[in-house]
Structure formats: structure tokens, C-alpha cells
Amino acid sequence: MVVNSSNKEKDFDGNKQMLKEDVTRKSGNNEKKIFPTFSKQRRYGKVRKLLSNRLRILTWIDRYNWKWFVNDFIAGITLGLTIIPESIACALLAGLPARYGLCSAFIGSFIYLVCGSIDTVIMGPTSLVALVSVQFTVGKPIEFAFILTFLSGIVQLIMGCLGMGYIFEFISMPVIKAFSSATAILVMESQIKVLLGIKYLVAGLVESMKTLLSRYQEANYADFVMGLCAIMFLIIFESFEKFSKRSKINGVVRLLFRYLSFSRNTLIVVITAIISYIWLLHNSRIPYTLSKNALSGLPNVTLPQFTVETPEKTYTFWQILTELNVGVFVIPIIGVLTNISIGKLTPKGVVDTNQELLTVGLCNVAGSCVQSMPTSGAFTRYAISKACGLCTPLANLYSGVIVLLALSYLSPYFNFIPEATLAAILICSIFTLLDFKLPWRLWHESKRDFIVWLVCFVVCIVSGVEVGLFVSIIINVLHLLYLWARPEIAVKIQEIDDMQYICVTPGNAIYFPAINHLRDKVLKATAQAKQRIPVVIDCHKISGLDFTAAQGFVKLAGGLRHDTAEPDVALDSSSCQSDNGADGFAGDTLLILYRMQVHLQKLIDNAENLVFCESEEKIREFLTQESLRNGFINLKEHIRASIDLGYKIEIE
């Protein structure tokens, strides 16, 4: 069929005109182009995506509904009442007056509401961070705690901006569990002295136990009785939650027992504070120790002082930095690690670590301006939020408002809270972090993970949680490097049509630390073979290869060569020509790289006894040629095999 060229041009011009009409819209005498509209929409979409990646509230606020509001409101009020006594207790654990714990419980909540990526995280002070913080601020001016908060936030912001969240992937679950269990033991030990009414502040478990044993005669039995009664109260009320799950109980009664259980910390604080208040109405002294220095009103918003003056010494910023030492890096890691651990417990189990670094960093930088100690999420608050059916981070708003109201109107009454009550709250809250079922399971299922758990646990107990965490990360990294340098390599003898070959299957990518290990495995297998048989390396699992490893394959081929051997039969060059252009093997042991990706083949240089192969039929062809050359099959069988396989053989 012949098509007229003039008709083609007309059709093309018509299509061009139709396209022009499609991409323009006429409105009166004005024409508006669609393409700029699409460009604006695309630009708007990119801006919105960028904002939603950083301001996470934009990802769920437009879907917010009445059901979410009810659940978040109940959870926020419950958590707000819980976080008040916890904050005071954490401040005392960190060696700070009670008021600074309350200052840490509201500013971070408002920031996390806007930027937080984990629904069940409620920001505030935690016993874990407080315990580690005191290791670096003990015996130093109180301003050191606020500067530590500021610097921790700066470090977290820098790590988030540089995308260093992947570092936390080197912290395995056994390490997190050992770290949490060791911390729980350290916190409970640190509160024993408070239950006994003994005053001292030292860093480290060993020093603390020595001091406690040397001063046990100073124990105050009134503090001990108050703390013991508080612990019994908390245990009983905690059991109310299990009681509320019974189906035979009335729904209203179940709800009552449930919220009594959630509010147990607030209830014991209120009860013991009322007891203290009534006691002081009739007596001038009280037999047990009360918390003091409660803040009267809201704190002033100001940057922390980077020069600290004391009667003994004036600290410059660099001197403060030297005194805080590695705490500037340990506190940020521990704070974000808690949030990541909570995020992995959620149904999704996926955490944007870089976003958490940025968010927690903002919380700490802003918190340092209101005299806050370092903050993060807490497992105890996570358990309550989960039980209350929390849906979004909006619960942080209600929790923060409760703390602000308490700071504004209830601050003077915090002076009536016994310190033993706060110690009881910490002990009962942190007890849930103890987990000795996991090491028992690891002992039976994974000895390596058990050793990692044990090392982390022991080092945390003896040398401090920051040292234990660092040592555990080093162990994990070394193990990963070992797996990288010593990948799993399966070596076995296989047959095709009664023709044997050594099949080598690497388990993963081969990089320069592992290539010598692979070469040793292959050479050892060929040395143990009774006769010279080809080596087939199945490369289908090799997803990565570097230059050194590629050259290692060439050296492996060189190690398999036997230059003194002479070919038994002259073969047609087309019958056994390798992918790299070698015409024969001169008596060498043939090395076949089977199913290697094409882009990885380009890294490997030519070698006379090295060939690439993509199919089993090609392997059969090479094995037949090698068997003939080495005298394992006779010429008649080889001619018949050549006909079946479709290649030629020349006979002189």
C-alpha cells in the first residue's frame, strides 16, 4: 500500500493543531496554558511532602475524628496525672530539685505533638536518662544539667540533619533488652537509699553499694515504712488492671478499676501528701523526708548560661564541655534509643530515626531554655497510652496542659510529697523493664546473642550503662564484620551425567575481606579431590562485588592452573571458547562462574581457565570437554555427547 506524502503532512499538521488546542483553554479573549498549572501542582505537592515529612501533624490532622479525640483526651489526662509524680521522682534521681523535673514535662510535649512520628510516645523526663545524666553531673553545679540538655539537643539535631539514624541499626534487640534490664536494676538500687532515708549522691553501682553498706546505721525507719506502704499500694492497684479484664464484671466497674490502676501513681502521691499536710498541722516536724524546692509558678524562658560561676571556681564553656565528657554523646543516643525501642513495639514497627533525632533534638534545645533535664519517651508512659487506646500524638497536648496547670496552681503542695513515695513510684515503674525470659530463650536458641546480652548486662552493671552500650555496639559491629569477612560458603561434589564437579555456593555478596576465604575453600576442596575436576561457583546469591574481590577471582583461576599438563585432544576453538575469549585451558583446572550478573562480570579480567556460564546445558558442555581432555571419558562417548549438545569436534 502506498501512502501519499502530502496526506501524511496534512495529518501531522492536523494532529499538531489538535494538540495545541488540547493544551490551551480559551476563556473569553484570554488563553490559559495547562502546563504551568501542572507545574504549580507538582511544586505544591513537593512542598507539602517536604513539610509533612518534618511536621508530622500534617499527615493525620486532616483525618482526625471524634473517636480519636475521646481516646487521646482520656489518655492525655491520665498520662498528665501520671507524669507529674514521675517527673519529680526523675529529678531527684538525677540529683536535681523537684521543680526541674516538672519543667521537663511540658515543653517537649508541645513540640512532639507537631513533629513526632511515633503515636505512643509521650515526651518528658525518664528514669533511664536521669540515671545516666547523674553520672556526668554529680558533684557539679546545677547549671551543668541544663547545658547537658542543650548540647544533647544540638548533637541530636546534627545527627538528624546528616541522616545518621542508620547508626541505631547497629543496636540489636538483645542489647536493648540487656541495657533496659541493667538500667532497671541500677535505678532500683539507687532508690534503696531513699527508702532508707540516707542522703548521698555518688556515681556507679559499686561506689553506691559501698557507701550504703558503710552508712546503713543512718537509716530512718519512718522513711522505710512510708516507702514500703507505697510499694504495696502500687502493687495492689496495678493488679486492678488484670481484674478489670474479667468479662463477668459490670462494665462500669471494669472501667472504674481500670482507671484506678492507671492513676495509681497520682493517687499515692495525693494520699501521702495529705497525710504529710495533716501531720504538719499538729506537729512542727515530720518523721520522714519530704521533697523540697518546688517551683512557684512557671519558669522563665531564657538560654542556659554557658559560663558558670561558683564560690570555688568559674567554669568557661570549654571547661564545662570537658567536664561533661562523653555524656554529650551518650545522653542523645540513649534518649533517641528509647523512642526507637518504643516505636518498634508498635504494630507498624517502623521508625523514622532521622525524624526522631530532629524532633527529640528540638525538644531538648527548647527544654534547656526552661531549665529542663534531658527528655525522651518512656516505657511506662507507653504502657499506659497503649492501655488507654491512644491514637495520635495529640495526647501530648493534654498531658502538657496538665503539667502547666500543676506548675501554676499546685506547686506549693508538691513540698508535702514524701521522697520515699517518689522512690516507690520509680521502683514499681522501672520494674517492668526487667526481662529475664529473653536470655533464657537466647541460651537455648542463639548462644551468640546470649553472649552479647550477657556482656552488655554485666558491663552496664559494673561500669555504667554508657560503657555497656558502647561495648555492646562494638561487639555487634565486630560480629557483622566477621560475617562480612567469613560469609557462609557451601562446598560439595555434584554430578551431571556421571561427570563430577566441585560446586561452590557463596551465601551473600563477596567483598575484599571475604575473597581470600573463598579462595582457601576452593583450593582446599580441589586439593582433596582424587582427580582433577572443574570448579563451578554458583554466583546467583552474589549481589555485590568490589574490585579487589574481582581480582581475587582471577587469582583463584591462577591458583587452579597446571601449566605442565598437556592437552590430550585438540578441540575446536568454537567448542570451548569462554566468554572472556580463552581458546583452551592448557591442562588447567577449569573455573566456571555460573549465573553471575553481567555488570559484575565486567569487573573480572580475562583468565585462560576461567569462563562464565548462564545455563546448566553450558555447564554440561564444559564438563564433557574437560572429561575428554583429562581422559575420564573416551572419544566415542564424547562424539555422541557433541551431537547431543550441538557443538563440533575435529578429529585429526
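1. Salt bridges, defined as a side-chain nitrogen of Lys or Arg within 4 Å of a carboxyl oxygen of Asp or Glu, number 12 in this structure. The model is predicted: local features need pLDDT of at least 70, side-chain atom pairs count only at pLDDT 80 or more, and totals for chains, interfaces and linings use all residues. Residues are numbered from 1 along each chain as its sequence is written, and side-chain values use heavy atoms, with hydrogens and water left out.

2. Helices (H or I, at least four residues) and strands (E, at least two) are DSSP runs, numbered from the N terminus. Lys140 is partly exposed at 26% relative accessibility, as is Glu323 at 34%; buried means under 20% relative accessible area, exposed over 50%, and partly exposed in between (1.4 Å probe, protein chains only).

3. Asp497 and Arg620 form a salt bridge at 2.8 Å, N to O. It links distant parts of the chain, with Asp497 in the loop between strand S5 (489–496) and strand S6 (499–506) and Arg620 in helix H26 (residues 616–629), 123 residues apart. Asp497 is exposed, with a relative accessible area of 52%, whereas Arg620 is buried at 15%.

4. Within helix H26, Glu621 and Lys618 lie three residues apart, about one turn of the helix. Salt bridges that share partners also join Asp497, Glu617 and Arg620 into one network. The side chains of Glu621 and Lys618 meet in a salt bridge of 3.8 Å, N to O.

5. The largest pocket has a volume of about 840 Å³. Of its 29 lining residues, the closest to the centre are Glu238, Phe379, Thr380, Ala383 and Thr432. H16 contributes the most to this lining, with six residues. On a 1 Å grid over the protein atoms alone, a pocket is an open set of points with protein on both sides within 12 Å along at least five of seven lines, a cavity is a set where a 1.4 Å probe fits but cannot get out, and lining residues have an atom within 4 Å of a point. Grid points are joined across faces, edges and corners, and a volume is the space filled by probe spheres set on the points.

6. The whole structure holds three cavities of 30 Å³ or more. The largest cavity has a volume of about 170 Å³. Of the 16 residues lining the largest cavity, Thr126, Ser127, Ala378, Thr380 and Ile430 are the closest to its centre.
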